[in-house]
Amino acid sequence: MNRDSPTLEDGLVETAEHEPSGPPLPEGIPSFDPNDPVENAVIRRLVGNWHRRATVKRDEPDLDELFDVSRADYPEQILPFHDHPTYLALEPDKRSELLSWAWIAYNRHTVMAEQKVANPAFALVMEGEYPGLSGEALNLSLAQAMVDEQYHTLMHLNASAVTRRRRGHALPDAALPLSHTARVHQELRDRAGDRSEQSLTTLAFATVSEISINAYLDLLAEDQAIQPINSTTAKLHNRDEYCHASISHVLAEMVYHHLDARRRRYFLDMLMQGLDAFVANDYSTWHRIVDLADIAGGHEMLADCQAETGRKRLVRDYTGLHKLVEQMGVADQVDFDWSRSHVAS
Ligand SMILES: [Fe+2]
Ligand SMILES: [Fe+2]
């Protein structure tokens, strides 16, 4: 990748938490004023530097030129069955096909997170659905974030398209089921008691997605061995998400502050449901893939992995959400095993 292409570090320097471009907040001032959302310093700063930092404002990399057929499309070591005897006994072509499917499914899940959770939540905020979330700066930052998410959708669709083209496999998205996260989100919305609970479900899932997606994208962004366009796509996406994580952190803190006790409890429950869903390995997708790729013994292999609790989670870095619940002062009110997280004191 040439140096004109942005790196993850380029994305970091202009986020509020790393190098603020506005005047520094005096020590002891909280990161937001719940009574004055328009003047939130983090939001205002992110609005001001979007045109310089957003991936959508950069030149697109030439995906076909970067494609290297000799590289794997996905990191083998994060497949839940990477060391299972059934997988290890497969011919190299079959293993390569499964890795291509893993990449296609990863893109599809990312697109679903954008289209079914993140952008709907941002749109609801802009429509005034949540108490305490309004104001010009906030709306500008949300409109920018929605442009980012729509562009991420395009990036991941393009990445899947070039994979199909260069691998010569159909690998159709439509053959895969709804992602686990999208399915759980929809089930919880269907079960919600009223409209405000439905809307809080979507905001909670978006909060988890926006704050945890960095760890999910890092699985590929930092892998030097896989297909360069795949790690580059994840890296370019990730740099925008560092800013979205800041926005979502502010949204969650503000909305929680304005909720009554019952809805606070509901929002916290949905945050934890969202986290459980987001970090899980999506076995329903894998069961479909082993059928599509015609893997003998594939379902038994997956059943073996599902039976092992240690393999249930794909994403194991919960630091962002752990930090959020700490800062909201509600860590003692949620039940989640944070044992792999580290929260700076
Ligand atoms: Fe995104
Ligand atoms: Fe995002």
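Reply: What follows starts with the model as a whole and then turns to the core.

This is a predicted model, in which local features need pLDDT of at least 70 and side-chain atom pairs count only at pLDDT 80 or more, while totals for chains, interfaces and linings use all residues. Residues are numbered from 1 along each chain as its sequence is written, and chains are lettered from A and ligands numbered from 1 in the order in which they are written.

The protein has 13 helices and 0 strands; helices (H or I, at least four residues) and strands (E, at least two) are DSSP runs, numbered from the N terminus. The average pLDDT, the predictor's confidence in each residue from 0 to 100, is 87 for the protein, and 87% of the residues score at least 70. Confidence is lowest in helix α1 (residues 8–13), with a mean of 32.

Of the 345 residues, 41% are buried. A residue is buried if 20 or more other C-beta atoms lie within 10 Å of its own, exposed if 12 or fewer, and partly exposed in between, with C-beta atoms placed from the backbone.

Now the core. A nonpolar core is a set of buried Ala, Val, Leu, Ile, Met, Phe, Trp, Tyr and Cys residues joined through C-beta atoms within 7 Å. The largest one has 54 residues, and Ala204, Val208, Leu251 and Val255 have the most contacts inside it. Among the elements that give it two or more residues are α5 (92–126), α8 (195–221), α9 (228–258) and α10 (261–279). Helix α8 supplies the largest share, 11 residues. Two residues are in contact if their C-beta atoms, placed from the backbone, lie within 7 Å. Leaving aside residues up to four places away in sequence, Val208 touches Leu271, Gly274, Leu275, Phe278 and Leu321. Another core, of 20 residues, lies apart from the largest one and includes Leu79 and Leu302.

Two of the contributing helices can be described as a pair. The axes of α8 and α9 come within 8 Å and cross at roughly 155 degrees; axes are lines fitted to C-alpha atoms, for helices over the stretch in contact, and angles run from 0 to 180 degrees between N-to-C directions. The two helices, α8 and α9, are therefore roughly antiparallel to each other. Angles under 35 degrees count as roughly parallel, over 145 as roughly antiparallel, 65 to 115 as roughly perpendicular and the rest as oblique.
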